[in-house]
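Dear colleague,

The sequence and the model come first, and my notes come after them.

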Amino acid sequence: MNEPPPPEAYDLERIFRLKYGEPADTGWGPRQRHRFGYYTPDDHNEATIDKLVTADTDWIDVGCGRSLFPNNEPLAKELSERCRLLVGVDPDDTLDENPLVHERVKEPIDTFRTDREFDLVTMRMVAEHIADPRATAETLARLVRSGGTVVVYTVYKWSPVPLVTRLMPFGIHHPVKKLLWGTEEKDTFPVVYRMNTRSALKRHFGDAGFDEARFAYLDDCRTFNRFQFLNLCELLSRKALRAVGLRYPEVCILGLYRRV
């Protein structure tokens with residue numbers, strides 16, 4: 001599998017329109033982001049996977065739960081129909097609610113055994129929950145055929161929100177997430193952040209026989225996504241920091257790792 005180049009503006013615009021429709025007809029949040037020319041880390045991840053999935057792709061989505069892309073069901077349906085095989089691997093009962101995977105494997109990825117090999121493995125917001133990164137990388141090395149790709153999309157360990165999360169008792173994670181992002185309690189899981197830096201990902205995947213094919217830090221202006229004025233402040237802060245060559249402090253990371 002040849003790695004596609006990073007998403008271009010037109011790729012991200014396609015994802016935006018699939019998700020929200022015409023910019024002028026969307027709610028204030030997407031419209032405000034579009035006015036700033038800002039695409040979310042989710043948009044970048046979805047555009048990357050969109051370019052990787054073909055009619056010949058055998059694909060595992062790790063930790064998919066009830067949805068491949070919770071905020072982009074049209075793309076999830078399109079890619080589910082486009083690929084040859086889509087296997088959802090997740091020990092959580094929410095996997096039973098996923099209508100788009102072709103097969104369901106309700107167990108952790110580390111214990112999944114099969115004689116089949118796959119072209120693509122995706123891990124959307126999963127890496128922060130993995131307690132044994134070495135075991136996970138070694139399992140993926142058995143599952144991914146030579147030239148295949150693992151896409152890891154996750155939070156960055158040293159961003160402000162993960163730093164605060166590590167200081168909070170787990171019992172208050174859901175109330176805070178519900179306030180900020182409107183999430184459900186069954187979608188909140190313990191986090192350990194053992195493979196949430198570029199160096200950790202490169203080390204664990206490198207030891208298992210993967211090369212880093214691409215890596216990106218993605219500005220994440222979604223902490224106050226539900227509050228119009230505060231979200232505007234995030235977008236203005238990002239614009240000001242970029243104008244002086246500084247990176248926005250809250251980022252997600254997106255890494256592609258090719259099986260040698």
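This is a predicted model: local features need pLDDT of at least 70, side-chain atom pairs count only at pLDDT 80 or more; totals for chains, interfaces and linings use all residues.

I would start with strand S4, which covers residues 118-124. Seven of its seven residues are buried, so strand S4 is largely enclosed by the rest of the structure. It pairs with two strands that I looked at in turn. With strand S1 (residues 58-62), S4 pairs in the parallel sense over four bridges, and here Ile60 stands opposite Val121 of S4. With strand S5 (residues 144-155), S4 again pairs in the parallel sense, over six bridges, and in this pairing Leu120 has Thr149 of S5 as its bridge partner. Between S4 and S5 the chain passes through helix H5 (residues 133-143), and this β-α-β crossover is right-handed.

Helix H5 itself has a set of buried residues, namely Pro133, Thr136, Ala137, Thr139, Leu140, Ala141 and Leu143. Among the elements that cover these buried residues are S1, S4 and S5, together with H8, S6 and strand S7 (251-259).

Helix H8 (residues 198-207) holds Leu201, a residue that is buried with a relative accessible area of 0%. Which residues is Leu201 in contact with, once its neighbours within four places in sequence are left aside? They are Val152, Met195, Gly206, Phe215, Ile253 and Tyr257.

The last item is the second largest pocket, which holds about 160 Å³ of space. It is lined by 13 residues, of which Tyr39, His44, Leu218, Arg238 and Arg242 are the closest to its centre. Helix H3 (41-52), strand S6 (210-219) and helix H9 (228-243) are the elements that give two or more residues to this lining, and S6 gives the most, with four residues. Sorted by class, the lining of the second largest pocket has seven nonpolar residues, three polar ones and three charged ones.

With best wishes

Terms used:
Residues are numbered from 1 along each chain as its sequence is written. Side-chain values use heavy atoms; hydrogens and water are left out. Buried means under 20% relative accessible area, exposed over 50%, partly exposed in between (1.4 Å probe, protein chains only). Two strands pair if DSSP finds at least two bridges between them. A crossover is right-handed if, with the strands pointing away from the viewer, the path from the first strand over the helix to the second runs clockwise. On a 1 Å grid over the protein atoms alone, a cavity is a set of points where a 1.4 Å probe fits but cannot get out, and a pocket is an open set with protein on both sides within 12 Å along at least five of seven lines; lining residues have an atom within 4 Å of a point. Grid points are joined across faces, edges and corners, and a volume is the space filled by probe spheres set on the points. Ala, Val, Leu, Ile, Met, Phe, Trp, Tyr, Cys and Pro count as nonpolar, Asp, Glu, Lys and Arg as charged, and the others, Gly among them, as polar. Contact means heavy atoms within 4.5 Å.
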